[in-house]
Amino acid sequence: MLRGRYAPEMENTGKLIALGKTTEELASIDSLRGSIGWGAGSWFLGAMVADGGVVLASLDDEREPVAMGGASNCGSFGFVCNMVVRPEMKRRGLGRTVFEGLMSWHREQSMATVQLEATEEGKPLYEQYGFSTRWESVSGSM
């Protein structure tokens, strides 16, 4: 789990759209997650959006999401989740654009502290914004 405070001078230079309200948008979320080997996630991201959270995405020329991330408020702190970039679209700044959009959303919600769970691949991006490891998350099967 990474935790950090973010600088208000971050700028979002890309065009992002909010996803997660229609059946088609939820299917596109699952498709993007599938492109990196993750299972369906629309079941909880749709509920997160319905509860006031947001899923922001960058679209390709066919209006399909190629990068996305989600955000919600958890009481006194914000949470970022599901940062995904389609493999063939990596190293183009799309993840950074989505992340900055999510941080802007948190600022608009008056959140000064944000937490997230990071993959090893994603940690360097978040560390550039002052996030640091607080603890390691574990999971198990029942």
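Predicted model: local features only at pLDDT ≥ 70, side-chain atom pairs only at ≥ 80, totals over all residues.
**View 1. How helices α1 and α2 pack against each other.** Here you can follow α1 (residues 23–34) as it meets α2 (residues 42–50), with the two axes 9 Å apart and at an angle of about 130 degrees. An angle in that range makes the pair oblique to each other. The crossing of α1 past α2 is right-handed.

**View 2. The residues in the contact of α1 with α2.** From α1 come Leu26, Ile29, Asp30 and Arg33, while α2 brings Ser42, Phe44, Leu45 and Gly46.

**View 3. The largest nonpolar core, and another one apart from it.** The largest core holds 21 residues, and those with the most contacts inside it are Val80, Met83, Phe99, Leu102, Met103, Tyr126 and Phe131. Two or more residues each are given by β3 (54–59), β4 (65–74), β5 (77–85), α3 (94–108), β6 (114–116) and α4 (123–127). Helix α3 gives the most, with six residues. Apart from this core lies another of eleven residues, including Leu45, Met48, Met68 and Val84.

**View 4. Ser58 and its surroundings.** Look for Ser58 in strand β3. Ser58 has a relative accessible area of 9%, so it counts as buried, the cut-off being under 20%. Leaving aside neighbours within four places in sequence, Ser58 is in contact with Lys15, Leu16, Glu64, Pro65, Val66, Ala67, Leu94 and Val98.

Definitions and conventions: Residues numbered from 1 in each chain as written. Heavy atoms only, no water. Axes fitted to C-alpha atoms, helices over the stretch in contact; angles between N-to-C directions. Helix = DSSP H or I, 4+ residues; strand = E, 2+ residues; numbered from the N terminus. Parallel < 35°, antiparallel > 145°, perpendicular 65-115°, else oblique. Left-handed = near helix turned anticlockwise from the far one by under 90°. Contact = heavy atoms within 4.5 Å. Core = buried A, V, L, I, M, F, W, Y, C linked by side-chain atoms within 4.5 Å. Buried < 20%, exposed > 50% of the residue type's maximum accessible area, 1.4 Å probe, protein only.
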